[in-house]
Amino acid sequence: MSKRELRLGNVRVLPKDLFPDFVKGLALFGKVYAPVVRPDGAHVFSPVERVADIDMAHPRTMLSPKKYLFPPETEMYQFSPEKGYFDPPVDTAKTVLLGVHPCDINGMLILDEVFRRYYVEPRYFARRQSLAVIGSSCEPDDKCFCKSMHSEYVDKGFDLFLTDIGDAHFVRMGTSIGDDIVAANPAVFRPVEDEDVRAYKHAENCRAQAYKAQVELDSLPQILELEYDSRVWKEAGDKCLSCGTCSSVCPTCYCYDLFDRLNLDVASGARVRRWDSCLFREHALVAGGHNFRDGRDSRMKNRYFHKQVGFVSEFGRPSCVGCGRCIEACPANISIIEMIKSLREEVKV
Amino acid sequence: MLAEKDIIYRADPHRPSPARLVGVQPLAPEHALFQFRFEDPKENERWTHRPGQFVMVSVVGTGEAPISICSSPSRRGVIELCVRNTGRVTSALHRLKEGAIVGLRGPYGNGYPVEKMKGQDILIVAGGLGMAPLRSLVWYVLDNRSDFGHVSLLYGTRTPEDVLFKGEIAGLVGRGDLETHLTVDKLVEDGQPWPHDVGVVTGLFKYVKDRVDPTRAYAAVTGPPIMYRFVLRELLALGFGKDRILMSLERRMKCGIGKCSHCAVGYKYTCIHGPIFTYWDAMNLPEMI
Ligand SMILES: Cc1cc2nc3c(=O)[nH]c(=O)nc-3n(C[C@H](O)[C@H](O)[C@H](O)COP(=O)(O)OP(=O)(O)OC[C@H]3O[C@@H](n4cnc5c(N)ncnc54)[C@H](O)[C@@H]3O)c2cc1C
Ligand code: SF4
Ligand code: SF4
Ligand code: FES
């Protein structure tokens, strides 16, 4: 093999007219989920029934793919007075996620760290290992600030990555599973030609120019600390409804509650893990009724500090990937972009 | 998909291990001492903890609660918890009879830095239920007495009735190798026998302030939030460095393993980086007390 062939060995071209065959071929690797449009216009990751339902050009899905790794609700154990706590079967059904954007792939890489550090959470990694990730390129809209959060690009965390180059997808292979998928469907891929490389570079350049939203990350942790008492928090706290939507839609929020749910016999039941939000009032309530974060402003501050200060000091990057979901979903129109700009006083407050 | 090499498998950290309640003793109104032993003898053998660490206790059907281990690692055999009856899990625990099975997992948290405390004077200040984690430290220090300098225990409760471990504390009062002083906020009735102080716990500092060398001492303080404010002021006035004051912080906890984020204070997880924090660390975190 020539050097050039080697270099181009992990890239291919998938002509768009062969895309349906590609999707059919994925079934070998698990049940396929991809973004489809709901009647109300929202995009959601759903099981693929017809290839025509897949919208590869979707802006952002309502929920992030975190729901496949860390579902909204998980039965951790079942229990009964006689048997104590015992395991339900772990879900290891092979799954293929098609159409995951770079921000969400970065979100998964962040969750990997969270569920790995201190104590490894085996359910998460059981799901992670049964999941094949096929990334796809996207067009940033006015709420995307992934570039500011350094998560607009991925060089790991995917098995295949498809970049739209007009009438074809430029395909990068990230793992040997990706290589297996290509090998199992030889008829749908063709080798990369010079003009494909040119088209790929062009697509990447256009995307880099397309960002409208931006926040400055430099010295942000320090600025947040200095602005700990800023009225920006108070004003946002007054608007916030403590609904927790921003946490549910976020690809990197991982707060959870653990509780025992009883069956009708009031004796047996299950220990349940459920998504929680640090914006809920009860989140920091302790014995005696004392609440360490009673004000909505202090809970909001907690969310920003966790993502933009605490995570940076531990992992060297914020745990926000700039996907814009919390901005789109907030019923009180609170925007993380505007908040950060106000705290930095880039805009008049 | 993640490569196999990227994942380290260990036992499921959320899983409680069955443990049998082998003894219950009432200690004070709404407070009792619970003694547990794991059902699996191997787990009893493997078990070690540091003073100041805690366990997550499950009572089937009610959920889990974090409870400090109040027995000392220097006294093996049973794991002891001193529990106040306040809510779902703790009231279910109080209803259990000897022989009942609960779930335990842990030990969690950092515990007291006992290695660093060696060779130093130790000033232990307990308020109310704060005695629970500190009892573990008291017995650890007494069982390794020659490792430490002057050791004193200042313990305040609301009334004489509320003193936890009454018999044990009475035994400590006469010991030559430990200086113990007690105080209550008030007597229940006038003339009640109480050969100790009445007043706030800071009133006890006068007994020990000339015996402790703050430059080579650690103060371990645990009590209700209000107590910290006064005790900290007193300790700083005595000349304790901020990194020589060890406080135990209480936060809501669900997982105990640094994931659920309920116990987050600023950038730290109380269940991982605490519950024992130096005053210096505490000062630099928002919403600390
Ligand atoms: C590190 C650590 C160590 C601890 N060590 C100890 C210890 O050694 N001993 C000990 O006793 N505790 C200890 N605690 C505190 C203990 O964990 C809590 O009191 C416990 O979680 C209560 O659990 P629960 O399910 O019984 O109460 P929950 O049902 O969760 O209730 C919690 C609190 O909510 C309030 N509440 C509950 N029900 C009601 C109601 N119906 N109406 C109004 N208010 C209500 C009460 O104030 C109650 O205390 C410790 C906590 C931490 C974080
Ligand atoms: S979505 Fe908006 S209103 Fe709801 S908790 Fe988050 S910031 Fe508050
Ligand atoms: S905080 Fe908002 S923008 Fe950032 S990752 Fe979460 S949902 Fe996306
Ligand atoms: S108790 Fe869950 S993170 Fe500390």
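## Arg273(A), a buried charge

Let's start with Arg273 of chain A: its relative accessibility is 1%, so this residue counts as buried. Keep in mind that we are looking at a predicted model. Arg273(A) has a charged partner, Glu121(A), and the two form a salt bridge whose closest N and O atoms are 3.2 Å apart. This pair ties together distant parts of the chain: Glu121(A) sits in the loop between helix H4 (102-116) and helix H5 (122-129) of chain A, while Arg273(A) belongs to strand E11, 152 residues away. Glu121(A) is tucked away too, because its relative accessible area is 0% and that makes it buried.

## Other salt bridges

How many salt bridges does the structure hold over all chains? The count is 33. As a bit of background, side chains of opposite charge can pair when their charged atoms come close.

One of these bridges joins Asp40(A) and Arg38(A), with 2.6 Å between the closest N and O atoms. Over in chain B, Lys206(B) and Asp197(B) meet in a salt bridge of 3.6 Å, N to O. Lys206(B) is partly exposed, with a relative accessible area of 49%, whereas Asp197(B) counts as buried at 19%. Some salt bridges also share partners, and in this way Glu121(A), Arg123(A), Arg273(A) and Asp12(B) are joined into one network.

## Strand E2 in chain B

Now hop over to chain B, where strand E2 (residues 31-38) is mostly covered: seven of its eight residues are buried. E2(B) is joined by eight bridges to strand E1 (residues 17-28) of chain B, and the two run antiparallel. They form a hairpin with two residues between the strands, and Glu30(B) in the turn has a positive phi of about 65°. In this pairing, Ala28(B) stands opposite His31(B).

E2(B) also pairs with strand E5 (residues 79-84) of chain B, again in the antiparallel sense, over six bridges. There, His31(B) stands opposite Arg84(B).

## The largest cavity

The structure holds seven cavities of 30 Å³ or more, and the largest has a volume of about 190 Å³. Its lining is made up of 18 residues, with Cys240(A), Cys246(A), Met300(A), Cys330(A) and Ile334(A) nearest the centre.

Where does the lining of the largest cavity come from? Helix H10 (245-249), helix H11 (296-315) and helix H12 (325-329) of chain A each supply at least two residues, and the largest share, three residues, comes from H11(A). Sorted by class, the lining has 14 nonpolar, three polar and one charged residues.

Key: Residues numbered from 1 in each chain as written. Chains lettered and ligands numbered in written order. Predicted model: local features only at pLDDT ≥ 70, side-chain atom pairs only at ≥ 80, totals over all residues. Heavy atoms only, no water. Salt bridge = Lys/Arg side-chain N within 4 Å of Asp/Glu carboxyl O. Helix = DSSP H or I, 4+ residues; strand = E, 2+ residues; numbered from the N terminus. Buried < 20%, exposed > 50% of the residue type's maximum accessible area, 1.4 Å probe, protein only. 1 Å grid on protein atoms, 1.4 Å probe; cavity = no way out; pocket = protein on both sides within 12 Å on 5 of 7 lines; lining within 4 Å. Points joined across faces, edges and corners; volume = space filled by probe spheres on them. Nonpolar A, V, L, I, M, F, W, Y, C, P; charged D, E, K, R; others polar. Pairing = 2+ DSSP bridges.
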